[in-house]
Amino acid sequence: MNSEKKIELIIEANKSKLHYWRDLWTYRELFYFLAWRDILVRYKQTVIGVAWSIIRPFLSMVVLTVVFGKIAGLSSGGAPYAIMVYAAMLPWQFFSTSFSESANALISNSNLLTKVYFPRLIIPSTSIVVGLIDFLISLGILVILMIYYHYLPGWQIITLPLFLLLATVTSLGTGFFISALNVQYRDFRYIVPFIVQFGLYISPVGYSSDTISEKWRFLYSLNPMVGVIDGFRWAILGGSTKIYLPGFFLSILVSLGFLYVGIKTFRKMERIFADVV
Amino acid sequence: MDTIIKVENLSKKYIIGHKQLSGKKTFRDAITQNIGDFKSKFIHPFSKNFSSDSPLEEFWALKGINFEVKQGERIGIIGRNGAGKSTLLKILSRITEPSTGKITINGRVASLLEVGTGFNGELSGRENIFLNGAILGMHRAEIKQKFDEIVDFSGVEKFLDTPVKRYSSGMYVRLAFAVAAHLDPEILIVDEVLSVGDAEFQKKCLGKMEVVSKAEGRTVLFVSHNMGAVQKLCYNSILLENGKIISTGGSNEVIDFYLNQANASSSEYIFSNVRESEKVAYATKFSLEDVNGKAISEIPIGKVWRVKIYFTVNYLVENLIIGLGMINMFETPIRTSWNIPLILEKGKYIAVFEENKIFFAPGRYRLLIGISKGKEIIQYIDKDIWFTILDIIEEQETSVINHNSGLLINQMKMYVEKDY
């Protein structure tokens, strides 16, 4: 019946829990259930429900194409402007959805934090899953767009999963960081929408990063989403855009840095979550 | 029997002070406080206390807790509100960390600190069974396997696919409990959750806990204010007060100690009557005496006792009824007595209740006083008015008396005859 061996558990003051990572594996099913719950609840009792996941990226793409392409006249470097914008919007919306959701994830699950044990890292992680689902739906729209423009992507498209992984790492890192901070310092609730909005302008979503002049390009790549979006563009637009490699590697470094800092901050603050949430 | 839980020198400290851990701390406060601290440190580098605001207060929710639980034991944890019971459970459930000490646990723990944890109103009953089961630590395969049993236990089969937000509170509780009742851990920690739900359901849940524990050797830690439930389920108990263990041992003894401690008994109570003096009648004093009129707070078994309720009538009243209710230490109502409705003029009176026929079992009893005019209640006093019936037997007719022989000790007429 109970095939698990008798594990001895020691709870001791001020000792970091060695079994935490083992617990993450043990509680993997909870991760699945919480993600399932978040997705289900999103669309319960909605009329346009799932359609919203399609309408939103589509509308954003239209607006950005008109604003940056037609009105501001920023160049796209060859490919249809709509696809260039969309290729960047995909990862951006994934990031912004995941980031915003994870910021509040711990607080909205406060009832779980105070009553049940499980490794808390699971909670912001499920927010990423929600973002991922939206991403996959939007990917479908991209395919339709490509068909509409009779656009065939090059071999580079195979590398897309890698860039998706990079986007996930960025989202996870920043998500862990912000969700932990938000539990104790509630002002982040106001800062998050601002970061997301600001981020939209300083990330090459509505314009190509080629438009940034050479001398600022490296500094510009401190934004981890620059690497992600450039990568996405390169993969989807068939290499017609070039990746600025130094900047790209800097972005990757920053992403990994965020992951490390994010997890460390989270683990450190986790012990007081139940007391302050 | 092996030790399954060992708690050594466990303490939990909270810091209360309006700048820390109050939950609403903002980043701005953190920054300004740190700057303030830095400033003071700069100006008074040798001063120990450099907090920029009022000193922080330490609150020890638990202090120096030591105990051991053996496998298969059912332990009750009792104490007043604020004694530290829930904190202890939270630490054992790994929800919050101890400040000092070490706990060793040898088995899978499932905690029931709340009914319906994680229930989401938008999801249906079926979906919530899976969600709640997973949150409580059950594996998906396990939930699937026990699904029918759970639905059966809860009795909400008809509404299984409706969103839980449409459920009545009773249905909600039954469903939540049904999931929890099918948890399969080695150690089950339960915190006062039985206080919700109707009596029948409470009995059902207690029964299941008992069965699960006795038959399958599960260890149970049970926190409750319901002394009857604790006494029935748990052989041994621990009494907490102000974060320390002040009594452990057999449940009966610990419960007695708790109740004796919690309620001072007195032979006389004066009621403050600030608001009552506008009423048509109100009680002013209560006293308990023995057959000789001597004021007492404890009575040996089998002796006559008298309650006197002093009351004042403000103006002529008809249908005045004075009632005396008696409740035992398990919160079971025993009996209510009242007079035939009276017509009384303005003045001061004493209502005397004398018990000379029924003899109640030893224990502590609580008295309630009610004054009403016909069916309309004028005053209802439900305070801590306790008295004790002592376990002292002076005559020989009464047979062995213990706590569990029943509420009354009056004997039936009984004889033995030969069966031809």
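1. Start with one pair: Val7(B) has Ile103(B) as its bridge partner in E4(B). That belongs to a set of five bridges joining strand E1 (residues 3–16) of chain B to strand E4 (residues 100–106) of chain B, and the two run antiparallel. Strands here are DSSP runs of E with at least two residues, helices are runs of H or I with at least four, and both are numbered from the N terminus. Strands count as paired if DSSP finds at least two bridges between them.

2. A caveat on where this comes from: it's a predicted model, with local features needing pLDDT of at least 70 and side-chain atom pairs pLDDT 80 or more, while totals for chains, interfaces and linings use all residues. Residues are numbered from 1 along each chain as its sequence is written, with chains lettered from A and ligands numbered from 1 in the order in which they are written.

3. Among the residues involved, Leu9(A) has Ile105(B) as its bridge partner.

4. Put together, you get an open sheet of four strands, ordered E1(A)-E4(B)-E1(B)-E2(B), with antiparallel pairing. Strand E1 (8–12) of chain A and strand E2 (57–70) of chain B are the edges, each pairing on one side only.

5. How much of chain B is in contact with chain A? The count is 41 residues of chain B against 30 of chain A, contact meaning C-beta atoms, placed from the backbone, within 7 Å. E4(B) gives the most to chain B's side, with seven residues.

Note on methods. Two residues are in contact if their C-beta atoms, placed from the backbone, lie within 7 Å.
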